[in-house]
Amino acid sequence: MAYTPTKRMRKTLLGGGAIVVLAGLNAPAALSFAEDRYHAYKIDQPEYKAQYGSWDRVNIPDEYRTNAIHAALLHTGKVLIVAGSGNNEKSFDEGTFDTVLWDPKANTFKKIATPEDFFCGGHAALPDGRLLIAGGTARYEVLDDKVQRAGGGMRVKNENPDKPLTLKKGTVFRSPSGVEYVSQFDVTVPKAKREFEVDYFKSGQMKPWKTKVTAAEARVFVESLKDGPQAVTTEAAQYEIEGLKGKAADNSYGLAEKITMDKQDFQGIRAAYEFDPTAEKYIRVDPMKEARWYPTLVGLEDGKVLAVSGLDDVGAILPGDNEIYDPETKKWSKGPFHYFPTYPALFLTKGGKLFYPGANAGYGPADKGRVPGVWDLNTNTFTAVDGLTDTDETETAASLMLPPAQDQKVMILGGGGVGESKKSTARTAIIDLKEESPVFEEGPDLPQGTRYLNSVIMPDDTVFTSGGSADYRGRGASNILKAQFYDPKANAFKEAAEPTVGRNYHSEALLLPDGRVATFGSDSLYGDKDNTKLGKFEQRMEVFTPPSLYGKGERPVIGAGPQDVVRGGSATYEVADSASIATARLMRPSAVTHTTDVEQRSIELGLKKRGGAVTVDVPDDSTLVPPGWYMLFVTDTDGTPSEAKWVKVG
C-alpha cells in the first residue's frame, strides 16, 4: 500500500503552494502543479522508500555526457560506457568515437581513447577481468529514399599463390560495359591456395608435379561513380580492377551478383580489442574472420568467447558463420555454424549447451531464426522448445537466467514485432531446463505491452525491471515510466518506485557493487506524441536504490577473506553478525546492450556460519560458474544485502 500523508499535510501542500500560483495560472494548471508537488513529497518519505525504493539523477559534468550504447561493469567497480560514434553519423564521418569510464562510488568520470567505432559491437568478460569487445560500425545505413548511387557487395578474387592483394579505399572496378564502381574501404585478399598433385602412368612411372591453384577471396562494398539508376545491374558479372598491370591484372578481378539502389544497411568491422581495467585502455588483439555489426558475444565454460551473428562488411546478415576467441592466444577460430537474428540472447547452461529463448534485437527475417531452443555446440545440433506465446513478438524482448543459476530457469519478458512494428506484448514466460523435455510456461503479465525492458538480477534473488516503451523506439511518446520487481518464488511482480527518465532503444541497466541499479541511454525516434520532432539521445543517468537499503538497520559487511576462490572449494570471510546472514551469492557483472545481457548470473553458494565469519562453498561446475571475476554478496534475514566483495574464480 502506498504511503498517504495526513489530511493536514495534504491541506498544507495543496494550500500554501498552490494558492500562490492560482493568481497567475488557471485552475487545471494549478492542480497539476499541486499534484506534482505532492508526488515529489510522497516519494521522498522514508516509508515510501522502504516499500518502493527511490531514484536519483547522476551529476554528470558536460564534457563526460555521452550516448551510452554499451555498459559493462568491471572488477575495479567502475563502469565502462561505450558510445563509439553513438548513432550519430556526423561523429562517424569525423572519426569521433567515445568511451567514458565512470566510478559510481566517487562519481568521477574519465575519457578513454577509443580506437575504433565500437557502436553496436559485442562484448563479454574474460577470465582475467578484461573486457573483450569486438565488431562495430564500418558504414552507416542509407535508407531507400536517400540512396543516390547504386551499390552492393563485390567479391575480390586473387589467383596469385605468391602474394596477397591489397587494394586501397577508392579502387575502381569496371564492368564489361564500362560502368565504374569505387570501393568504400581498404581490402586485403590473401594469397591463393597452391596444391600439388601427383599421378602415375600405367607403367608405374611418376608424372611430373602438377599444380592446382584455388583463388582466395575477400568482400568489399562498392558504389557507382555517378548518381542515378544507370549503374544498376541485376546480372552477375566479372569486373576489371583499374590500376593493376601485368600478372597482377591477370590474377585479380571482382565478381558481383547485383548492384542496386536498394536500402544500404549498416556494415560491420572485424576489429577486436581487450579493455584492460587496470591500465584503463583498449589493447588490440587479432581481428575476427568475419565483420560483425550487432553480434552477441557469450562467455563459455573454458573462458573462451563465442561471437554469433551480425551484419557483415557489405551489410548482409551472416548466414551462420560463428567464431571463438581464445584469450590465451588472442586469436579466433571457426565456431559451429548456425543462423541467428542479430543480438540473439544466448545463455550458458549446465552441460555447456547454450539456450536461446527467442529474444533478439534488430535484423533478420521474421520467419528465420526466431524459434527458441537448446544449442549443443559440440554436436552443432539445435533442439527447439515449445510453449512460448506471442512468438512473433520476441524482438527487443528482455531475457535472463533467473536466480539462482542452479535452478536453470530462463525467463523472457515483453518484446515486439519485427522491425518497426507497432506491436508489443506484456507476455512473460519461464522455462525449466532441468526438465527432460522443457517447455515454456506462462509467467505473470507485465503492466502493459513493453519493448526494450531492462532486467537486472538483485542480490536477494529478485529481478528488477524498468523502463521500455510500448511502441518502436518510444514512438508516439510511448515510454513507460514504471518499474517492478519479479519474485521467482512467488512468480509475481511487485510495484517499485517510478523512474523519471524514459528508456527505450539503446538503453542499459546494470547492478552496481553497492546493490543499486544504474540506468543509461535511450534513443527515441521522435520527441513528441505526434511524431513531428526528431528525438534526442538521452544522456542523463539515473540510479535506483532498492527498498532493501532503507530502514532495516545496518547492512552486513564482508570483511577480510581470500580474493581468489577455487571452484569446488570453500572460502571464509569475516562477517561481524554472521548469525543473521541468510544467503550468499556470486554475481557475474553485466555487459549489456540493446536489451541483451547474457553475462549476468547469480550463483547460490553453500553457507556455514560460526563466530564472526561465514564460509561459502563454490559449486564445482564451470558451466555454472565460468572462470572470471564475481561480486560476492551476503544477504541477511531482513533481506538487506552487503556491499559486494570482488572475488576471482579460476
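A polar contact is a pair of N or O atoms within 3.5 Å; within protein, one atom must be able to donate a hydrogen and the other to accept it, and residues adjacent in sequence count only if both atoms are side-chain atoms. The exercises below concern a predicted model, in which local features need pLDDT of at least 70 and side-chain atom pairs count only at pLDDT 80 or more, while totals for chains, interfaces and linings use all residues. Residues are numbered from 1 along each chain as its sequence is written, and side-chain values use heavy atoms, with hydrogens and water left out.

**Exercise 1. Describe the surroundings of glutamate 223.**

Solution. Begin with the polar partner: the side chains of glutamate 223 and arginine 139 are joined by a polar contact of 2.5 Å. Then classify its accessibility. Buried means under 20% relative accessible area, exposed over 50%, and partly exposed in between, with a 1.4 Å probe and protein chains only. Glutamate 223 has a value of 13% and is therefore buried. Finally, list the contacts, meaning heavy atoms within 4.5 Å. Leaving aside residues up to four places away in sequence, glutamate 223 touches Arg139, Ala150, Gly151, Glu180, Tyr181, Val182, Gln184 and Gln264.

**Exercise 2. Determine whether the ring pair of phenylalanine 266 and tryptophan 293 is stacked or tilted, and locate both residues.**

Solution. A pair of aromatic rings is described by the distance of the centres and the angle of the planes. Rings of Phe, Tyr and Trp (its six-membered ring) pair if their centres lie within 6.5 Å; planes under 30 degrees apart count as stacked, over 60 as edge-to-face and the rest as tilted. The whole structure contains 31 aromatic pairs. In the pair of phenylalanine 266 and tryptophan 293, the ring centres are 4.3 Å apart and the planes lie at 10°, so this pair is stacked. Phenylalanine 266 belongs to the loop between β18 (252-256) and β19 (267-268), and tryptophan 293 to the loop between β21 (281-285) and β22 (296-299); the pair therefore ties together parts 27 residues apart in sequence. Phenylalanine 266 is buried at 6% relative accessibility, and tryptophan 293 is buried at 0%.

**Exercise 3. Apply the ring analysis to phenylalanine 485 and phenylalanine 544.**

Solution. The centres of these two rings are 6.0 Å apart and the planes at 50°, so the pair is tilted. It links distant parts of the chain, 59 residues apart: phenylalanine 485 is in strand β36 (residues 483-487) and phenylalanine 544 in strand β40 (residues 542-545). Relative accessible area is 11% for phenylalanine 485, which is buried, and 0% for phenylalanine 544, also buried.

**Exercise 4. Identify the backbone features at proline 404, serine 309 and asparagine 531.**

Solution. Most residues other than glycine have a negative phi, and most peptide bonds are trans. Proline 403 and proline 404 are joined by a cis peptide bond, with omega about -15°. Proline 404 lies in the loop between β30 (398-401) and β31 (409-413). Serine 309, not a glycine, has a positive phi of about 65°; this residue is in the loop between β23 (305-308) and β24 (323-326) and is buried at 3% relative accessible area. Asparagine 531, likewise not a glycine, has a positive phi of about 60°. Its place is the loop between β39 (517-521) and β40, where asparagine 531 is partly exposed at 27%.

**Exercise 5. Characterise the salt bridge between arginine 174 and glutamate 242.**

Solution. Side chains of opposite charge can pair when their charged atoms come close. A salt bridge requires a side-chain nitrogen of Lys or Arg within 4 Å of a carboxyl oxygen of Asp or Glu. The structure holds 41 salt bridges. In the bridge of arginine 174 and glutamate 242, the closest N and O atoms are 2.2 Å apart. The pair links distant parts of the chain, 68 residues apart: arginine 174 is in strand β11 (residues 172-174), and glutamate 242 is in the loop between β17 (237-241) and α5 (246-251). Arginine 174 is partly exposed at 22%, as is glutamate 242 at 38%.

Technical notes
Helix = DSSP H or I, 4+ residues; strand = E, 2+ residues; numbered from the N terminus.
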